[in-house]
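Here is a friendly walk through a two-chain model, meant to be read with the viewer open. Please have the sequence and the coordinates at hand.

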Number of protein chains: 2
Amino acid sequence: MTPSTLPDLPPLSAADGRVHARYWLETGDDPQRAAEVIAGEQSSGTFTAVPGETPALKARSGAVVEQLQLLDVVSQPSLPGILVAPRYQRCLLELSWPLANFGPSLPNLMATVAGNLFELRQVSGLRLLDLAVPTAFAAACPGPAFGIAGTRRLAGVATGPLIGTIIKPSVGLSPQETADTVRQLLAGGIDFIKDDELQADGPHCPFDQRAAAVMQAVHAAAQAQGKQAMVAFNITGEVDEMRRRHDQVLALGGTCVMVSLNSVGLAGLLALRRHSQLPIHAHRCGWGYLSRHPALGWDYAPWQALWRLAGADHLHVNGLANKFSEADDSVIAAARAVLRPLDAAHPMVAMPVFSSGQTGLQAAPTHAALGCTDLIHAAGGGILGHPGGIAAGVSAMREAWVAAEAGVPLADHARQHPALAQALQTW
Amino acid sequence: MTPSTLPDLPPLSAADGRVHARYWLETGDDPQRAAEVIAGEQSSGTFTAVPGETPALKARSGAVVEQLQLLDVVSQPSLPGILVAPRYQRCLLELSWPLANFGPSLPNLMATVAGNLFELRQVSGLRLLDLAVPTAFAAACPGPAFGIAGTRRLAGVATGPLIGTIIKPSVGLSPQETADTVRQLLAGGIDFIKDDELQADGPHCPFDQRAAAVMQAVHAAAQAQGKQAMVAFNITGEVDEMRRRHDQVLALGGTCVMVSLNSVGLAGLLALRRHSQLPIHAHRCGWGYLSRHPALGWDYAPWQALWRLAGADHLHVNGLANKFSEADDSVIAAARAVLRPLDAAHPMVAMPVFSSGQTGLQAAPTHAALGCTDLIHAAGGGILGHPGGIAAGVSAMREAWVAAEAGVPLADHARQHPALAQALQTW
């Protein structure tokens, strides 16, 4: 039973004021001993007994094995290693730490719950499944400044999903070519446009020129349409660069900035969030190396929790029937995690972003799985490929969501909506 | 043939002014097509042809498949995925990008060479093996401000390795208890002491109090010994916190700060480096989730290159015969990578840090593999476990390195060095 085939587990609680983490663990050692080694290594213990680790110190600072539930046994280890055993026991392990070990610090929390433990020789598989921080921790974190309500307000979309798209080609367009592309998308009535994560501040498409040209197009369209679309400008870079580009977007009347989380890190996002007056669109590029092997790394639930605590307003979750290797149930679990309150007093809910091979066909199953429309649904070919043009493509996406909310089959709804009818022939 | 069993490959060159990356790739698709998909996805292409991707744009901005060398074929994919095939071809893939795509920006470089490619459905295994940036890129990066020479100068260790240790218990000591531990270590003549990566700025051991108490012990010992040991204070945190703590260490006369790289991210380290006047000791905690499965993620060579470009002076590489799951050849490859110049004009060499279950027994094989002593050798039990006390433990470590450099067997050298002789009975 790997992390991807586990049944739904109850959410972790940090009501006792401690930080809790749940892992899927596979070990060739005695599971109880392996659990104690992990708990020790990530708190007051080390490989050997040290004189200073008194019982009082351990009681004050040691991590606690809260739960160890045995799952199945396998004969081959999921990850190669030095410890060779006849059998490898898989388990669910819950650890807890006193908040006083690191205080309400996200970077230090990460070093504790996901530090030097994946390398342990006792570990032939380890995946962080869930994370819960106490209210005192959440209260000290900035969290998303805009979230769902703020994003809806700035994008002028009171109900339904934000229908979005990504500027393509990803790189290589000049600032003016980028603005021309944006102009066409805006004329089609799109709600949300984002830079590709590969588009940064290269010499052929300098950020300031691109932002200025794009925002000119945005304002022109807003004047014509009475509603300003949201454009997420990729400001990924060093802290001072991000702040400066953020200020530039703000000065130009823009309403969103984007960063690649794995590129800037928690300290990078926190520095931006402490400065930002705009929603932060958080891209997860690189997520594959953190998650692609089921017996190693991170589930999305704990990972996105760190970034929401740090201030991400929108979080990418891939999409149903996507073009990548992720299964649909994993995509839905990720989106549900983004929409689940982190803490009763500090829910810090963010907006999931669905993208990758998306069309209106994914509207109904996405809505059915989430029960809401608080999301960004980004489509490229699903919109641009419409034979009636971009406006018809956007309209077809919207009508697909109207049908999904009403519980009406797409084919039925399409009878009254020719753009949707036409789209159904190409999707 | 997995990345860990590949023969030594020639270092990548970026002499053509482009960024080069080498991957180990496993694919159930046609390898040439898979390579083109990866190159396209990480530059101007996307899943489908888009109107704006003109031949001129592609020539300007597209990534190039520089080399595709077929290795072996396997019948089962290394990573689960959606694309099921009768056979999976393993290959070495080298890609290159024009620097103009992202400019000399480390965070955006990371999004390009290690972004949305591990998730591709064509990929059943992908590992970044090596990375080379052109001189123009390196020239724009800060790099280590101190490196080997600066570290030796500040630590007062002109030749031989810095003999170091880690404060244990990792967490739970009060500032005064920490200083007492440091005082004992310093009395033993140790060169280098570091905080554990779990020790941060919690309420039971506030950073400022700990730093002040420890530096008092450091100055007292320096006055007695005529040489100030280097203490790496863990300042991992938000950017402003790191800057403030750095200033505090500097004001107290300290000579080193430490950060957990995966916790602060590239933007975090860069912000610290732009501010710092002290060597930055870089901890890799979390490295296991980036590397533990051989068919996924990062080799150490490209990963450490990013952090050296960003300014890391010391980089952890585990140790020979370590207590974790890493094999010795991987440890040595990591250390060699840290010591290899990044660029002729900007070598940016950093100091490898060996730790985990280390004693003087690892001196000779470590020296034989590296051919130099430009390293920090950190031992806990290997020093503290000496029956003659800490000073004897430090002396035994030093003499083990003297023997290693002279090519004399430890047992022979021990005849003239009783502390070493005693140590050999316990190591």
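## A buried histidine

The side chain of A:H246 has a polar atom 2.8 Å from the backbone nitrogen of A:Q277. A:H246 sits in helix α8 (residues 239–251) of chain A; helices (H or I, at least four residues) and strands (E, at least two) are DSSP runs, numbered from the N terminus. With a relative accessible area of 0%, A:H246 is buried. Here buried means under 20% relative accessible area, exposed over 50%, and partly exposed in between (1.4 Å probe, protein chains only).

Which residues does A:H246 touch, not counting residues up to four places away in sequence? They are A:I235, A:V257, A:L272, A:H275, A:S276, A:Q277 and A:L278, where contact means heavy atoms within 4.5 Å.

## Ground rules

This is a predicted model, in which local features need pLDDT of at least 70 and side-chain atom pairs count only at pLDDT 80 or more, while totals for chains, interfaces and linings use all residues. Residues are numbered from 1 along each chain as its sequence is written, chains are lettered from A and ligands numbered from 1 in the order in which they are written, and side-chain values use heavy atoms, with hydrogens and water left out.

## Where the chains meet

In chain B, 88 residues are in contact with 88 residues of chain A. The two chains bury about 7,100 Å² between them, 59% of it from carbon and sulfur atoms; buried area is the accessible area (1.4 Å probe) that two parts lose on being put together, summed over both. On the chain B side, B:Y289, B:R292 and B:F324 lose the most area to chain A, together 12% of what that side buries.

Between chain B and chain A there are 30 residue pairs in polar contact (both at pLDDT 80 or more). A polar contact is a pair of N or O atoms within 3.5 Å; within protein, one must be able to donate a hydrogen and the other to accept it, and residues adjacent in sequence count only if both atoms are side-chain atoms. The side of chain B that touches chain A takes its largest share, 10 residues, from α9(B). The residues of that side divide into 36 nonpolar, 37 polar and 15 charged; Ala, Val, Leu, Ile, Met, Phe, Trp, Tyr, Cys and Pro count as nonpolar, Asp, Glu, Lys and Arg as charged, and the others, Gly among them, as polar.

## How the copies are related

Chain B superposes on chain A through a rotation of 180° with 0.0 Å of shift along its axis (RMSD 0.0 Å). The two copies are thus related as by a two-fold rotation axis. Copies are superposed by least squares on the C-alpha atoms of residues with pLDDT of at least 70 in both. Of the residues of chain B, B:G265 comes closest to this axis, at 1.8 Å (C-alpha). Since 100% of the interface residues of chain B are also interface residues in chain A, the copies meet through the same surface.

## Salt bridges

Over all chains the count is 36 salt bridges, with 2 between chain B and chain A. A salt bridge is a side-chain nitrogen of Lys or Arg within 4 Å of a carboxyl oxygen of Asp or Glu. A:R274 pairs with B:E238 in a salt bridge whose closest N and O atoms are 2.6 Å apart.

Within chain B, B:R152 and B:D374 form a salt bridge at 2.8 Å, N to O. This pair links distant parts of the chain, 222 residues apart: B:R152 is in helix α5 and B:D374 in the loop between α13 (363–370) and β13 (376–378). B:R152 is buried at 10% relative accessible area, whereas B:D374 is partly exposed at 23%.

## Helix α5 and some backbone details

Helix α5 (residues 147–155) of chain B has several buried residues, among them B:G147, B:I148 and B:T151. Elements covering the buried residues of α5(B) include β5 (162–166), β7 (230–234) and α12 (328–339) of chain B. Just after α5(B), B:G156 takes a positive phi of about 65°.

A cis peptide bond joins A:K168 to A:P169, with omega near -5°, and B:K168 and B:P169 are also joined by a cis bond, with omega about -5°. A:N318, not a glycine, has a positive phi of about 65°; A:N318 is buried, with a relative accessible area of 7%.
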